[in-house]
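Visitor: I'd like a close look at one part of this structure, with the helices and their packing partners taken one by one. Could you walk me through it?

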Amino acid sequence: MEDKSKIIAYGILRALGILGGIILILWFLYKVQAVIMFIAIAAVVSLIGRPIVTFLKTRLKFGDVGAAITTLLIVMGIIVGIIAIFVPILIDQSEHISKINFEEVQHNINRLNVEFSRSLGVDQVTLIEGLKQSDFIKNFDISVIPTFINSILGNFSSLVVGLLSVTFISFFLLKDSRLLLDSFLVFANKGEENKFKHVFHKTKHLLSRYFIGILLQLLILFVIYSILLFSFQIPNAFAIALFCAMLNVVPYIGPVIGCGVMMLLVISGYFTADFETVILPKMIYIFIGYCIAQLIDNFINQPLIFGNSVKSHPLEIFLVIIIAGLLFGILGMVIAIPTYTAIKVVAQEFLSEYKIVQKLTKNL
C-alpha cells in the first residue's frame with residue numbers, strides 16, 4: 001500500500017514537473033519571440049536564396065562565404081530598389097501637402113460629394129460636417145501626436161536592429177547549409193536521424209519552391225497592375241502597382257484591400273478633375289482591369305505556382321487558409337500554407353500508416 005502511495009505521489013510530482021517545464025518553456029519563448037521572428041525571417045531568406053547560392057557555387061565556382069555575401073547583396077539590392085521607388089514619391093507627396101490650400105480642399109471634397117451623390121442617386125452628405133460630428137474628432141487628444149512620433153522613432157530603431165539581426169543570421173544560414181539541419185537533428189531520437197533528415201530536406205525543397213512561387217506571383221501581378229495603371233496615365237503607377245501586388249501576400253483579404261487602395265489613389269491622383277467625366281470612368285475601367293488580374297491570379301497563377309510547389313489541391317489550400325484565418329487572424333493566413341506543408345511532410349514520414357495521411361500526402 002505504501003509503495004502504491006509512493007508511485008502515485010511520484011506520478012503527481014512528475015506531472016507537475018512536466019507542466020512546470022512546459023510553462024517555463026512557453027514563458028521563455030514569449031520573452032524571446034522577437035529573436036524567433038528574426039530566425040524565421042532569416043530562414044525564409046535562406047530558402048529563397050538557396051537556389052542563387054547553389055547556382056553561384058556550382059556554375060560560377062564561388063566559395064561558401066562569397067556565395068552567401070553575393071546572395072545577401074542581391075536581396076538587399078531588391079529591398080533598396082523597392083525603397084528607392086517609394087521614397088521619391090513620399091517626398092513629392094510631402095511637397096504637395098505643404099502647398100495645400102485647405103479651404104480649396106474642403107470645397108473640392110464637398111464638390112466631389114455632390115457629384116458622387118448625384119451619380120448614385122442618393123441623398124447628399126456633407127463630409128466635412130460629418131467628420132466634425134464624429135466621435136473621433138470630438139474626442140481627439142492633441143497630446144497623442146508626440147506620443148505617436150516617439151513610437152515611430154522607437155519602431156524605426158527596432159527595425160534597424162531587426163534588419164541587422166536578420167542579415168547576420170541569414171548570412172550564416174546561407175553560408176552553412178547544414179546549420180539548420182544540425183539544429184533540427186537535436187530533436188531526433190537515436191536511430192531516427194535519417195527520418196529527420198528526410199523530413200528536413202523535403203520540407204526545405206517544398207518551402208523553397210513555395211516562397212519563390214510567391215515572388216513569381218507578385219512579379220506577375222506587379223507587371224499587370226503597372227500596365228493597367230500606365231494605360232490610364234495614373235500618377236506613381238509603379239509604386240501603386242508594387243504596393244497592391246505586395247498586399248497579395250495576405251490571401252483573399254489582401255486583394256480586397258489592394259483594390260480599395262488602388263481606387264483611393266486613383267481618386268487622389270485626379271482630385272481636381274471632373275468626377276463624372278474623368279474620375280468615375282477611370283475608376284470603373286481600372287476596377288474591371290483589377291478584377292481581370294485577380295481572375296488570372298486565382299485561376300491560372302495560384303493553381304500552377306502553389307499547387308505544383310507545395311503539392312496540394314487548390315481546394316485543400318483554400319480550406320487551410322480559411323481555417324487558419326479563423327483561428328489566428330491575418331498572420332495565420334500568411335503562414336498557413338508553409339506550416340501546413342511542413343506538417344504534411346512530418347505526417348507522411350511518421351504517421352504514414354493512417355489512411356487520411358496517405359490520402360493527403362499521396363502527391364508529396
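**A ring pair, then the helix packing**

Guide: Let's start in helix α7 (residues 144–175), where Phe168 and Phe172 sit four residues apart, so about one helical turn separates them. Keep in mind that this is a predicted model. A search of the whole structure turns up seven aromatic pairs. In the pair Phe168 and Phe172, the ring centres are 5.0 Å apart and the planes stand at 70 degrees; planes over 60 degrees apart count as edge-to-face, so that's what this pair is.

Now on to helix α9, which covers residues 193–231. We can go through its partners in turn. Two packed helices are described by the angle between their axes and the distance between the axes.

Take helix α8 (residues 178–185): α8 and α9 pack at about 135 degrees, with 10 Å between their axes. That angle makes α8 oblique to α9. The two cross in a right-handed way. On the α8 side, Leu180, Leu181, Phe184 and Leu185 make the contact, and on the α9 side it's Glu193, Phe196, Lys197, Val199, Phe200 and His201. Sorted by class, the contact of α8 with α9 has seven nonpolar residues, one polar and two charged.

Next up is helix α13 (residues 314–350), whose axis comes within 9 Å of the α9 axis, with a crossing angle of roughly 150 degrees. Angles over 145 degrees count as roughly antiparallel, so α9 gets that label relative to α13. The crossing of α9 past α13 is right-handed. From α9, the residues involved include Lys195, Phe196, His198, Val199, Lys202 and Thr203, along with Leu206, Leu207, Tyr210 and Phe211. They meet a set in α13 that includes Val334, Ile337, Pro338, Thr341, Ala342, Val345 and Val346, plus Gln348, Glu349 and Phe350. By class, you get 13 nonpolar, four polar and three charged residues where α9 touches α13. Phe196 and Val199 turn up here and in the contact with α8 as well.

Then there's helix α10 (residues 237–246): its axis and that of α9 come within 8 Å and cross at roughly 140 degrees. Here too, α9 makes a right-handed crossing. Leu218, Leu221, Phe222, Tyr225, Ser226, Leu229 and Phe230 are the α9 residues, and they meet Ala237, Phe238, Ile240, Ala241, Leu242, Cys244, Ala245 and Met246 of α10. This contact of α9 with α10 counts 14 nonpolar residues, one polar and no charged ones.

What does the record say? An unreviewed UniProt entry lists several stretches as "transmembrane region", among them residues 210–232 and 283–305. In the model, the span 210–232 is 96% helix and 0% strand, and its end C-alpha atoms lie 33 Å apart.

Methods
Residues are numbered from 1 along each chain as its sequence is written. This is a predicted model: local features need pLDDT of at least 70, side-chain atom pairs count only at pLDDT 80 or more; totals for chains, interfaces and linings use all residues. Side-chain values use heavy atoms; hydrogens and water are left out. Axes are lines fitted to C-alpha atoms, for helices over the stretch in contact, and angles run from 0 to 180 degrees between N-to-C directions. Angles under 35 degrees count as roughly parallel, over 145 as roughly antiparallel, 65 to 115 as roughly perpendicular and the rest as oblique. A crossing is left-handed if the near helix is turned anticlockwise from the far one by less than a right angle, and right-handed if clockwise. Contact means heavy atoms within 4.5 Å. Ala, Val, Leu, Ile, Met, Phe, Trp, Tyr, Cys and Pro count as nonpolar, Asp, Glu, Lys and Arg as charged, and the others, Gly among them, as polar. UniProt positions are given in the numbering used here, feature names are shortened, and annotations may be inferred rather than shown by experiment. Rings of Phe, Tyr and Trp (its six-membered ring) pair if their centres lie within 6.5 Å; planes under 30 degrees apart count as stacked, over 60 as edge-to-face and the rest as tilted.
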